[in-house]
Amino acid sequence: MTDLDEALSADIETTLSKLKELCGETDDLNIMRVRVGRVECAAITAEGQVSNSAAGDLIFQPLMYLNACDAHEVADFLMESSLLSTQRSKVSNYRELVELMFSGFCIVLADGWAKGVAFGAQGFEKRSVSPPDSEQTVYGPQDSFNETVRNNISLIRRRLKTPFLKFEMIKCGRRSRTDVCIIYMRDKASARMVAQIRKRLKDTGLDTVLSGGYIEPFVDGAYNKSFFPGVTYTQRPDAACLHLNEGRVCILVDGSPFCLVCPALFSDSFRTMDDMSAKPGYATFIRWLKYFAFVLAVALPGLYVALVMYHPEAFALKLLLNLYVSEEATPFPLPVEMTVLVLMFEIMREAGIRLPKAVGGAVSIVGGLIIGDAAVKSGLISVPLLIVVGITATSAFVIPRLDRQITLLRIVFIIAASTSGLFGVSLCCILFMSNICAMNDLNVSFLSPLSPINKRRVGEVFFRRSFRGYAARHSTVTDFTHDDRRG
Amino acid sequence: MKTLTPLQLALTMCCCRLFTLLSEVRLGDSPALFMVSLAALGAVEAVLLIPCIGLIKKTGKAPLEFLYEKNTVAAQAVTVVFMGFFLWDCFLTSGGLAYYLDRFFSTDISRIAALFCAVAVAGYISSLSSSSVGKCAALAFGAFVIFMLLLGVNTVADADIMGLHLAAEHPKESFAYNISSQLSQSRELVLFVFLLSDLKQGHRRSAALYIIIALCMAQGCICLAATALGDLASATDTPLYYLSCLSSSGIAERFDAGFMAVWTALGVLRLGIIIHCISRCVKRVFAPFSNSLAAKLLPFLPAVLSVPILYTRRWKMFVLFAQPPYIIVSIVGVVPLVLLAVSKRRREVED
């Protein structure tokens, strides 16, 4: 068996036969034999990965006019005397050859030269840049990342034309050899943070890396300890640029239309790119609305159960009587009723997400209108309960980034409230609060800048700063000392 | 890691103090006199902390750190004293939490179950770094302030300033008794001295912040209770928080559940901090066995010991139990004072 790290042979026949053996005579390996002058050459490509027109115009046509006497003349032409493609690299062993070939490069070998040259002529099918499915904005840009990492790099570079922006490409996945790009601003991101992320990415021992989710557990240092994610995702290039300017590190994975942003902050989930298009007053109002929606989405069902079951004195008398009448008419205990309804909602939501869009709408009609209406009319559930679950569900849609956490938290709160009223709710609050407070990955607190308090940035948690404020000072997540910067 | 900030430490201690204030403090005859006593207590606490802060300023080390550097045996002895005090505090706090919850609030959960749940959450909190606990305490304190503001706004219409009267039968005796009893309940001062070693800088600032914030909050709570509840606040021998549900106005009564939630959060936080401190003492005193199961379970022993007392409904003997104030004075004031004297003498000898 040929070793991947074995050097290429000067004899082109040996190289090609070993390559075929290495690839197991796979049918998507294209080898074109050609004579350039008096030298036997071969162009190797992977089926469907290379653009025929680009390869023909940029590589094959110039080679046809070359009248070479020996392999070194071909090599000199390919490496020194021509500008055949914007991407060109020398190939010395089989590992490089295979990786580049399956990345859409055309590799040219010449008989008598123990190396090859790889030219970028990628032509595989890819999705065009389209509006984002998530994180939609009304006034912001309407483009989003797609599955091709180099396209995504260009989308960021187009917006940040500064020499301080750095892209570092590394390979992840022992078998997939996926391109993973670390992006940061050299003058803003902490050097230590970048080094930690680079090390964590290099230490991923996975066979395949097919999306950002594969590397998230490795990049997020608090992945197994914390309930909230220490890494966030964005599909928007403008959002990625905003995060980069805050001193964060973005990670693009080839094959995934999402960009990982680390470290994530709790307050990130309550910001949108539309905040920057609105006046500070309105943006601030929306931000507060989101915080309120978060509290409702997490705690409202639990609070309702706790107050109705254990602390009815908290309600005004009229409201209490209404609730009493409604709950008396239903056959199930309140906690059971609430848990079943919340779980039913989650089932319908999950069904709506996985189904095709055309059918997804039908789920909401069946679930919301038919089942909900029938359940109320038959007296299985009470109307106030349905209202509470409806408000909760709608509130959760306001903060899509924390959707998964909200779902679980809500159920935990219901169970705690059912067993011990507000005592249980209070315990849950303090438990999750302490969990959030303990998140301190990459030396940045998840609750930053609220706790520990950062006087310069704490206002951004609750208010959108004016652009004059941004002009005066663009702060970073770390607010590190100048010595720590890469410069 | 010295990652705790002065404000975080101050707010952590304020949370501990507020729990004691709400559950163990009785106003007595005259709320205004009680407020004056509290102000005087603040001054006493400040004086008590002077040697400790002085020692840190002089040597750059907290009392225990300094002692470990000079004499390991003496340091371990002092650590044992600290640990003993924390174990006692843990016993009172965990048992009190379960007892008051069952006695005064409408929950169906039994005392033992409440104790188990609270200790489980406190155990998790204690496993975190002091910095994380500090952040959590800062948020809990914020929640408490918001809640008190809401309560204040809603009771302002019923407030009667005459509730803050100075009329007491024996003002001098009451004043002295208030200071003495309050000092004996200021168990968080020992926690403060112990956790000072987690501060990188700003020890004096932290002490000042703690005394000022705790005093302001205590005065606010008492003022609110006295003006909203009037004579009821003075005459009833129940914890301060329970007064809200005795209020003649329905508005205050409707806050009872919220009060319980905030009180529980403060109590669990306090318990978590105490267990955290006990764990650290265990690691220092029993260093070779610190990874053993027994060492890990030791901080939870006081909670376990409170179970039979709670179960047999005899916890009332610990209600309003106050250990003599000289224990706190010794740990907080005398030990650092002796260390300060030692450090001065050594310096003189070296010079």
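1. Chain B has a mean pLDDT of 85, with 90% of its residues at 70 or more; pLDDT is the predictor's confidence in each residue, from 0 to 100. The model scores ipTM 0.89 and pTM 0.85. A friendly reminder: where pLDDT is low, the predicted coordinates should not be read in detail.

2. On conventions, this is a predicted model, in which local features need pLDDT of at least 70 and side-chain atom pairs count only at pLDDT 80 or more, while totals for chains, interfaces and linings use all residues. Residues are numbered from 1 along each chain as its sequence is written, chains are lettered from A and ligands numbered from 1 in the order written, and side-chain values use heavy atoms, without hydrogens and water.

3. Do look at helices H5 (residues 111-126) and H14 (residues 301-311) of chain B, which pack at about 165 degrees with axes 10 Å apart. That angle makes H5(B) roughly antiparallel to H14(B) (over 145 degrees). H5(B) passes H14(B) in a right-handed crossing.

4. H5(B) brings Arg111(B), Ile112(B), Leu115(B) and Val119(B) to this contact, and H14(B) brings Ala303(B), Ser306(B), Val307(B), Leu310(B) and Tyr311(B); contact means heavy atoms within 4.5 Å. Seven of the residues in the contact of H5(B) with H14(B) are nonpolar, one is polar and one is charged.

5. Ser131(B) lies in helix H6 (residues 130-155) of chain B. Ser131(B) counts as buried because its relative accessibility is 9% (buried means under 20%, with a 1.4 Å probe and protein chains only). Leaving out residues up to four places away in sequence, Ser131(B) touches Thr3(B), Leu4(B) and Gln8(B).

Terms used
Axes are lines fitted to C-alpha atoms, for helices over the stretch in contact, and angles run from 0 to 180 degrees between N-to-C directions. Helices (H or I, at least four residues) and strands (E, at least two) are DSSP runs, numbered from the N terminus. Angles under 35 degrees count as roughly parallel, over 145 as roughly antiparallel, 65 to 115 as roughly perpendicular and the rest as oblique. A crossing is left-handed if the near helix is turned anticlockwise from the far one by less than a right angle, and right-handed if clockwise. Ala, Val, Leu, Ile, Met, Phe, Trp, Tyr, Cys and Pro count as nonpolar, Asp, Glu, Lys and Arg as charged, and the others, Gly among them, as polar. Buried means under 20% relative accessible area, exposed over 50%, partly exposed in between (1.4 Å probe, protein chains only).
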